[in-house]
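Subject: Structure handover

Hello,

Here is the structure I promised you. Please open it and keep it beside you as you read my notes.

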Amino acid sequence: MSVVGSLLDEYKRYKALAEAAIAQVDDAALTRLGPAGGNSIDILIRHIAGNLQSRFTDFRTSDGEKPWRHRDDEFETASLSRAELMTSWAGAWATVLGEVSKLTDADLDQTVTVRQQPLRIDEALHRSLAHTAYHVGQIVYLAKEMRGDAWRTLSIPKGQSAAYNRQAKHETAAAHTELLKGGK
């Protein structure tokens, strides 16, 4: 598998993880603040969407921090419905997945700019993926905390590692993504 293919599969995995967690909470839970007044799920959705949309719009030809992005606003409360949040989310993900899918491994040593800082494309992608994974982890944590015993695990269930390991199957990011989406 190519490096770009691997990165693309990981982006898809984190998108599916977030969506599987978000699907488990009701609309009111989306706006519930995290511990100690931390970010809510809706704030995290808006921040990830804003970041990805900004970084990957005109990815190779303009600075990744667009003048139309208002990052600080992403961390303020907003009165958006679940449908509005998820529409913004889907649009941002369509942008990032579309742009990354256009790349080849031969492109990775070329340069893009983020906040006036030149980065190799591979560095920019790893940085973006790490940032996305960090916030998706927060979404999963918040959703799990809110659901309590009703939480449907998104990975190997507690106490079932040995049984999972006995299956001896090679799980790829793509396979995990399909599992999260309800596939087999």
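Methionine 1 lies in the segment before α1. Helices here are DSSP runs of H or I with at least four residues, strands are runs of E with at least two, and both are numbered from the N terminus. This is a predicted model, where local features need pLDDT of at least 70 and side-chain atom pairs count only at pLDDT 80 or more, while totals for chains, interfaces and linings use all residues. Residues are numbered from 1 along each chain as its sequence is written, and side-chain values use heavy atoms, leaving out hydrogens and water.

Methionine 1 counts as exposed because its relative accessibility is 78%. (Exposed is over 50% relative accessible area, buried is under 20%, and partly exposed is in between, with a 1.4 Å probe and protein chains only.) Methionine 1 touches Ser6 and Asp9, not counting residues up to four places away in sequence. Contact means heavy atoms within 4.5 Å. Threonine 177 is 176 residues from methionine 1 in sequence, and 17 Å from it in space, C-alpha to C-alpha.

Next, the core. The largest nonpolar core has 45 residues. Such a core is a set of buried Ala, Val, Leu, Ile, Met, Phe, Trp, Tyr and Cys residues, joined through side-chain atoms within 4.5 Å. Tyr11, Ile41, Leu125 and Ile139 have the most contacts inside it. At least two residues of this core come from each of α1 (3-22), α2 (27-30), α3 (41-56), α4 (82-101), β1 (111-114) and α5. α1 gives the most, with 10 residues.

Now look at histidine 135. Histidine 135 is found in helix α5 (residues 121-147). Is histidine 135 buried or exposed? Histidine 135 counts as buried because its relative accessible area is 7%. Its side chain makes a polar contact of 2.6 Å with the side chain of glutamine 138. (A polar contact is a pair of N or O atoms within 3.5 Å; within protein, one must be able to donate a hydrogen and the other to accept it, and residues adjacent in sequence count only if both atoms are side-chain atoms.) Histidine 135 is also in contact with Leu44, His47 and Ile48, leaving aside its neighbours within four places in sequence.

That is what I found. Happy browsing.
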